[in-house]
Structures are given as structure tokens and as C-alpha cells.
Amino acid sequence: MYRIKQLREDKKLSQRALAQKIGVSAKAVNFWESGRVDPSAHSISLLADEFGCTCDYLLGREDDFGNVNVMKELTETERSWLELLHRLSDRRQSQALDYIRYLIEKDN
């Protein structure tokens, strides 16, 4: 049902390495892969982020990998900018963008 083992092996990760990356025990990964225990919704979300796929793909509900983790393609600086921008109200976001546009125009 779950595609955890397939995705883990595609990334050439051991169960222990995957467990460390998402903050669970290697035993939990083993239980998920063997079907003895279902991962929690939080764990499914962490796994989908790690593999860069949708939760539905991970669960076997769809066959489209659905690369949704755009953040992995960003630099650390770009991620920091987005995280800061996200913390602002809509009004402040608009002001911040206006100021950035002003700085760009000033440099040109």
C-alpha cells in the first residue's frame, strides 16, 4: 500500500538514515514498510516532504508523483526570504514588495 520502501530505496537510504532524516526510529520505518503499523498523518507529511512527492502518491492513492516541494529548489537565502515574508500580514507583505521594487529601480 505505502510506497515508503520503494522511495527510500530509490534515494539509496537505509531505514536508519530515513528515520534520522524525519525524526523517528528505524523500527518505525521497518514497521511501516512491513505493514505492521500505519504511519501517522504527521509522519506521512514528513515522508512526502523528504521524498518530494504528494501524500496521495506516498499512500498509493495516485500514480502521479506530483513533485510539490518547491522549497527544495530554492537557495537557503530564498527560503529565508519566503519564511520572513510569510510571517508578515498581507498589508506588510505588500509594503515589503513595494520596497523591494523601489530598491531594484534605484539600482537600475
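## The largest pocket

The residues lining the largest pocket divide into eight nonpolar, no polar and no charged, where Ala, Val, Leu, Ile, Met, Phe, Trp, Tyr, Cys and Pro count as nonpolar, Asp, Glu, Lys and Arg as charged, and the others, Gly among them, as polar. The structure is a predicted model, in which local features need pLDDT of at least 70 and side-chain atom pairs count only at pLDDT 80 or more, while totals for chains, interfaces and linings use all residues. Residues are numbered from 1 along each chain as its sequence is written, and side-chain values use heavy atoms, with hydrogens and water left out.

The lining consists of W81, L82, L84, L85, L88, A96, L97 and I100, and the elements that give two or more residues to it are α6 and α7 (90-107). Helix α6 gives the most, with four residues. Helices here are DSSP runs (H or I, at least four residues), numbered from the N terminus as strands are (E, at least two). The volume of this pocket is about 160 Å³, taken as the space filled by probe spheres set on grid points that are joined across faces, edges and corners. On a 1 Å grid over the protein atoms alone, a pocket is an open set of points with protein on both sides within 12 Å along at least five of seven lines, whereas a cavity is a set where a 1.4 Å probe fits but cannot get out; lining residues have an atom within 4 Å of a point.

## Helix α6

Helix α6 covers residues 76-87, and its twelve residues should span 16 Å at 1.5 Å a residue, which agrees with the 17 Å between its end C-alpha atoms; the expected span is 1.5 Å times one less than the number of residues. Of these twelve residues the number buried is zero, so α6 lies largely in the open. Buried means under 20% relative accessible area, exposed over 50%, and partly exposed in between, with a 1.4 Å probe and protein chains only.

## The nonpolar core

The largest nonpolar core has 17 residues, among which I4, L18, W32, L47, F51, C53 and L58 touch the most other members. Such a core is a set of buried Ala, Val, Leu, Ile, Met, Phe, Trp, Tyr and Cys residues joined through side-chain atoms within 4.5 Å. At least two residues of this core come from each of α1 (4-10), α2 (15-22), α3 (26-34), α4 (41-51) and α5 (55-59), and the largest share, four residues, is supplied by α4.

With its neighbours within four places in sequence left aside, L18 is in contact (heavy atoms within 4.5 Å) with I4, R8, L13, V29, L47, E50 and F51.

## Basic residues, buried and exposed

R3 is placed in the segment before α1 and is buried, with a relative accessible area of 15%. Apart from neighbours within four places in sequence, R3 is in contact with Y57, L58, G60, E62 and D63; the C-alpha atoms of R3 and Y57, which are 54 residues apart along the chain, are separated by 7.7 Å.

K12, in the loop between α1 and α2, is exposed, with a relative accessible area of 74%, and its phi is near 55°, a positive value in a residue other than glycine. R16 belongs to helix α2 and counts as exposed at 57% relative accessibility. R61, in the loop between α5 and α6, is exposed with a relative accessible area of 65%, and its C-alpha atom is 9.2 Å from that of Y2, 59 residues apart in sequence.
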